[in-house]
Amino acid sequence: YLTRWNQLDVQIKRVFTVGTLQFEPGVDVYNVFNSNVVLTQNQNFGSALGQPQQVLQGRLLRLTTQINF
C-alpha cells in the first residue's frame, strides 16, 4: 500500500463596502504543507517497478476578487 496522504487547503476572504459597491478580495492556498506523497506507482515488473508515476500537486496560491455593484 502507498503511504497515507493529507492535504490542507485554506481560503481567506474579506468584504469591503464603499457606498453601494462591495469589494471582496480573497486568497486561496492549496496543499499548504507542500506534501509530495506518491499517488500512483509503476506496477509492471522490471527495472521501473515501484517508480512514482504521479505525485500530489505542489503548493498553489490563487488570488481572487469579486465586485458587486
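These are my notebook entries on a single protein chain, taken one topic at a time.

**Entry 1: the whole chain**

I began with a reminder to myself that this is a predicted model. Next I looked up the secondary structure. The chain has six strands and zero helices. Reading along the sequence, I wrote the order down as β-β-β-β-β-β. The radius of gyration came next: it is 20 Å, while the globule rule gives 11 Å for 69 residues, so the chain is more spread out than a compact globule. I also looked up the box that the C-alpha atoms fill, and along the principal axes it is roughly 70 × 15 × 15 Å.

**Entry 2: inside and outside**

How much of the chain is buried? I found that buried residues make up 12% of the 69 residues. For the accessible surface I noted a total of about 6,000 Å². Carbon and sulfur atoms account for 55% of that surface.

I then turned to contacts. Taking those with a separation of 6 or more, I saw that 52% join residues 24 or more positions apart.

**Entry 3: a nonpolar patch**

Which residues form a nonpolar patch on the surface? I listed Leu8, Val10, Ile12, Val27, Phe33, Leu61 and Leu63. Together they have about 700 Å² of accessible area. Strand E1 (10-13) and strand E6 (60-68) are the elements that give two or more residues to this patch.

Leu63 sits in strand E6, and its relative accessible area is 65%, so I put it down as exposed.

**Entry 4: salt bridges**

Here is a general point I wanted on the page: side chains of opposite charge can pair when their charged atoms come close. Searching the whole structure gives two salt bridges.

One of them joins the side chains of Lys13 and Glu24, at 3.9 Å from N to O. Lys13 belongs to strand E1 and Glu24 to strand E3, so this pair ties together parts that are 11 residues apart in sequence. I checked how open each partner is. Lys13 is partly exposed at 45% relative accessible area, whereas Glu24 is buried at 18%.

The other salt bridge is between the side chains of Arg62 and Asp28, with 2.6 Å from N to O. Arg62 is in strand E6 and Asp28 in strand E3, so the parts tied together here are 34 residues apart in sequence. Arg62 counts as partly exposed, with 40% relative accessibility.

**Entry 5: more on Asp28**

Is Asp28 buried or exposed? I found a relative accessible area of 2%; the cut-off for buried is under 20%, so Asp28 is buried.

Leaving out residues up to four places away in sequence, Asp28 touches Val10, Gln11, Leu60, Leu61, Arg62 and Thr64.

**Entry 6: the loop between E3 and E4**

I looked up two residues in the loop between strand E3 (21-30) and strand E4 (38-41). One is Ser35, which counts as buried at 16% relative accessibility. What does Ser35 contact beyond its neighbours within four places in sequence? My list reads Asn6, Leu56 and Gln57.

Val32 lies in this loop too. At 23% relative accessibility, I noted Val32 as partly exposed. Apart from neighbours within four places in sequence, Val32 is in contact with Leu8, Val10 and Arg59. I also looked up a distance here: Val32 and Leu21 are 11 residues apart along the chain, and their C-alpha atoms are separated by 32 Å.

**Entry 7: the segment after E6**

My last stop was Phe69, in the segment after E6. Phe69 is exposed, with a relative accessible area of 87%. Not counting residues up to four places away in sequence, Phe69 touches Thr20 and Leu21. How far apart are the C-alpha atoms of Phe69 and Phe23? I wrote down 8.8 Å, for two residues that are 46 apart along the chain.

Note on methods. Residues numbered from 1 in each chain as written. Predicted model: local features only at pLDDT ≥ 70, side-chain atom pairs only at ≥ 80, totals over all residues. Heavy atoms only, no water. Helix = DSSP H or I, 4+ residues; strand = E, 2+ residues; numbered from the N terminus. Rg over C-alpha atoms; globule rule 2.2 N^0.38 Å. Buried < 20%, exposed > 50% of the residue type's maximum accessible area, 1.4 Å probe, protein only. Contact = heavy atoms within 4.5 Å. Areas by Shrake-Rupley, 256 points an atom, 1.4 Å probe, with all protein chains shown as cover. Patch = residues over 30% accessible without salt bridge, like charges linked within 9 Å, V, L, I, M, F, W, Y side chains within 5 Å. Salt bridge = Lys/Arg side-chain N within 4 Å of Asp/Glu carboxyl O.
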